[in-house]
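Visitor: I am new to this structure. Could you show me how to read its features?
Guide: Gladly. Let us take them one by one.

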Amino acid sequence: MNLTFYSGQDYRVMVCADKVLDAVNWKLVDASNKIVFESFADDPKRTFDLRVENTQQMKVMVWVPDKSKASGMVPVGCVVILVGFKEQ
């Protein structure tokens, strides 16, 4: 998901997943694909707070760890990405 973060703003990015999926992996990368933040399912972090000095484009990338059941059934669920900012 491509997002624009505006200079001087305080932001919180939050990723939540359906309980069936358990924790998900996600990261926030800048325009040059440099990792700004990363969370892995084995040590999940649901939120990340940031303040940007210059307006910039970033991407939130989410992937679900393979949790295939012995039956071959792959769990299906929803992932939500929320972005908020603090009023100045």
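Visitor: Which cysteine sulfur is closest to the sulfur of Cys78, and how far away is it?
Guide: This is a predicted model, so we read computed positions. The closest cysteine sulfur to that of Cys78 belongs to Cys16, 12 Å away. A search of the whole structure finds zero disulfides.

Visitor: Are Cys16 and Cys78 buried or exposed?
Guide: Look at relative accessibility. Buried means under 20%, and exposed means over 50%. Cys16 has 19%, so Cys16 counts as buried. Cys78 has 55%, so Cys78 is exposed.

Visitor: How many salt bridges does the search find?
Guide: First the idea. Side chains of opposite charge can pair when their charged atoms come close. Here the search of the whole structure finds three salt bridges. One of them joins Asp10 to Arg51, with the closest N and O atoms 2.7 Å apart. Asp10 lies in strand 2 and Arg51 in strand 5, so this pair ties together parts that are 41 residues apart in sequence.

Visitor: Which residue does Asp49 meet in a salt bridge?
Guide: Asp49 meets Arg12, at 2.6 Å from N to O. Asp49 is in strand 5 and Arg12 in strand 2, so the pair links parts 37 residues apart in sequence. Asp49 is partly exposed at 45%. Arg12 is partly exposed too, at 44%.

Visitor: What is the N to O distance between Asp43 and Lys45?
Guide: It is 3.0 Å, and their side chains meet in a salt bridge. Asp43 is partly exposed, with a relative accessible area of 46%. Lys45 is also partly exposed, at 35%.

Visitor: Where does Asn25 lie, and is Asn25 buried or exposed?
Guide: Asn25 lies in strand 3, residues 25–30. Its relative accessible area is 9%, so Asn25 is buried. Now look at what surrounds its side chain. A polar atom there lies 2.6 Å from the backbone nitrogen of Ala41. Leaving aside neighbours within four places in sequence, the contacts of Asn25 include Phe40, Met61 and Trp63.

Terms used. Residues are numbered from 1 along each chain as its sequence is written. This is a predicted model: local features need pLDDT of at least 70, side-chain atom pairs count only at pLDDT 80 or more; totals for chains, interfaces and linings use all residues. Side-chain values use heavy atoms; hydrogens and water are left out. Helices (H or I, at least four residues) and strands (E, at least two) are DSSP runs, numbered from the N terminus. Buried means under 20% relative accessible area, exposed over 50%, partly exposed in between (1.4 Å probe, protein chains only). A polar contact is a pair of N or O atoms within 3.5 Å; within protein, one must be able to donate a hydrogen and the other to accept it, and residues adjacent in sequence count only if both atoms are side-chain atoms. Contact means heavy atoms within 4.5 Å. A disulfide is a pair of cysteine sulfur atoms within 2.5 Å. A salt bridge is a side-chain nitrogen of Lys or Arg within 4 Å of a carboxyl oxygen of Asp or Glu.
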